[in-house]
There are 2 protein chains.
Amino acid sequence: MSITVVGSIAYDTVKTPFGERERMLGGAAVHFALAASFFGEVRVVGPVGEDFGEAELETISRRGVDVSDVERVSGGKTFFWRGEYGWDLNSRETLDTQLGVFEDFQPKLSESSRSSDVLFLANIQPDLQREVRAQLPDARFVALDSMNMWIEDARDSLVQAIGSVDCVILNDAELRQLTGKPNLVSAAREVLSWEPSPGARRGPSVIVAKQGEYGAALVTRESFFALPAYPLETVIDPTGAGDTFAGGLVGYIAAHPDQELSDELLRRAMAHATVLASFNVEEFGTERIERLTGGEIVARMEELRAVTQFSGAPLQLRG
Amino acid sequence: MSITVVGSIAYDTVKTPFGERERMLGGAAVHFALAASFFGEVRVVGPVGEDFGEAELETISRRGVDVSDVERVSGGKTFFWRGEYGWDLNSRETLDTQLGVFEDFQPKLSESSRSSDVLFLANIQPDLQREVRAQLPDARFVALDSMNMWIEDARDSLVQAIGSVDCVILNDAELRQLTGKPNLVSAAREVLSWEPSPGARRGPSVIVAKQGEYGAALVTRESFFALPAYPLETVIDPTGAGDTFAGGLVGYIAAHPDQELSDELLRRAMAHATVLASFNVEEFGTERIERLTGGEIVARMEELRAVTQFSGAPLQLRG
């Protein structure tokens, strides 16, 4: 029931058509952890600088997240990202990236972090993902995220990393880029056909393609599932939506340790992921998720079902 | 149970990464009519030139479509479009458009076409859409499509046309452009708030946003519904997918003359639209729909349900 996540802890300065925030708490591991904390105990592994505040650490740990593997690098600066979103929030421009302590990050996992039965490798250099993966050889479920930069600059290592996990969570454009296949289903099936990496007991069996405002798709060897995003009239800041989605997905699976990775389980995980992500984008950064309650998640799950269900009434067609 | 459609009948020369076709049968009214013909009798109103072949006319009429209002303009040339699709089929470039007989098109509706109880105004100049709309004052259900060009060049007339129909079917980008609202739900609600046009008994109550490979969304005053596209590994040519979608949607509603426009009915219509469009893109132009059977539609409806449904198991969340 416990989940280890390795990834960035950051300060984000974000401007959207609806406002801006300076140096707010962000980073993939943070967004993931806050979302996953609704489902199990989360252990965060990642570096921060001397500039990282106690208040931010307190925000992460408030929901029971274990921050003892958050490494404070003396003399270092916390990862910083500055970006601006366009009119419809579907495009964004990175204006500044300062890796800071992330540049020389070497994940150090405590015994406790190594004992989790579920692992999420957030978007970091694939060599590091593989090192961490190797430290949890018995993990029941391991998922990975990545990005276009690693697909371009470290493809071989990324392919090895993918060959050692159960679940790959990427944007649909990244999945196309990774495989060179324009068709989403074909691209996913391509990754599913890859051999496990040397030393890995199994290769990926679950591919999740995130599609931003349109939702997400799930492809396994046997099945396909697609789910629209939860409809919102108020979308303020998409930053962290993908990691929040992953936190809901991986968290839900972590909360069901006795169940096979059945289609039914995976689809419910996708729905929880969708719901968590929908809350994330309603406000800047972690603001909305920080005060989210389990009851709100359950209620929106019902609403998500309501806006996606249809009945199949028989119809006599001509011809 | 009968449906009148006004729009283009065309020759399309199309190149996609998977092949090309010269001067194949196309046009919005054709794609719409072939799809809608599974649900009721369709009457096509539109012009062709002297170059239009008997074989193409026979293709349209084979499924019981009434082509007696297809006007053959002596000395004229049939509307011609040439375009090429990019790598992932999501972008396309128009290389040539020859309006031909479409340039001076003045729709002439026979008594039979005016007696239909359902009307689809395919993408043509909004003044013409309004003229045709006025000729079927008692139609039970009227839907309209349009495009970016008319939103830019004939916005006032288009807004008047929209104010006289029940259902607006647009691409999501067009809906945003029309309303100036980047948020899809807000954009749809904006159109729903427009007053009926002078002389119109009612304004729009159903907004459908087509989202290409991602599916489509339905917004009414009371409700929201989103449906992913049917997953396909083989997508050959998206030309006509939107009009085929509209044919499935409007056709399904036409086939249920005794039912209110309930949420349930509209959702089933969306599902049939999605299924019809999925067949359309599997081959070039009208090739796939020409030999489609009702049984195939029913089977794929079941599959669409299978890939979009999830159950809502209760879960005890932390916090």
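**Rings, neighbours and the chain contact**

Reply: Let's start with rings: searching the whole structure over all chains turns up 13 aromatic pairs. Rings of Phe, Tyr and Trp (its six-membered ring) pair if their centres lie within 6.5 Å; planes under 30 degrees apart are stacked, over 60 edge-to-face, and the rest tilted. This is a predicted model, where local features need pLDDT of at least 70 and side-chain atom pairs count only at pLDDT 80 or more, while totals for chains, interfaces and linings use all residues. Residues are numbered from 1 along each chain as its sequence is written, chains are lettered from A and ligands numbered from 1 in the order written, and side-chain values use heavy atoms, with hydrogens and water left out.

Me: How is the pair of A:Phe225 and B:Phe310 arranged?

Reply: A:Phe225 and B:Phe310 sit edge-to-face, 6.3 Å centre to centre with 75 degrees between the planes. The pair joins two chains, because A:Phe225 is in strand β13 (residues 224-227) of chain A and B:Phe310 is in the segment after α12 (294-306) of chain B. Helices (H or I, at least four residues) and strands (E, at least two) are DSSP runs, numbered from the N terminus.

Me: Are A:Phe225 and B:Phe310 buried or exposed?

Reply: Buried means under 20% relative accessible area, exposed over 50%, and partly exposed in between (1.4 Å probe, protein chains only). Both A:Phe225 and B:Phe310 are buried.

Me: Where does B:Ala122 lie?

Reply: Look in the loop between β8 (118-121) and α4 (126-135) of chain B. B:Ala122 has 0% relative accessibility, so it counts as buried. Contact means heavy atoms within 4.5 Å. Leaving out residues up to four places away in sequence, B:Ala122 touches B:Val6, B:Gly7, B:Ala28, B:Gln129 and B:Asp145.

Me: How many residues does each chain bring to the contact?

Reply: Chain A brings 56 residues and chain B brings 56 residues. Buried area is the accessible area (1.4 Å probe) that two parts lose on being put together, summed over both. Between chain A and chain B it is about 4,900 Å², with carbon and sulfur atoms giving 56%.

Me: How many salt bridges cross the interface of chain A and chain B?

Reply: A salt bridge is a side-chain nitrogen of Lys or Arg within 4 Å of a carboxyl oxygen of Asp or Glu. The rule finds 4 across this interface. The side chains of B:Arg189 and A:Glu233 also meet in a salt bridge, at 3.1 Å from N to O. As for helices, α12(A) gives the most to the side of chain A that touches chain B, with 7 residues.
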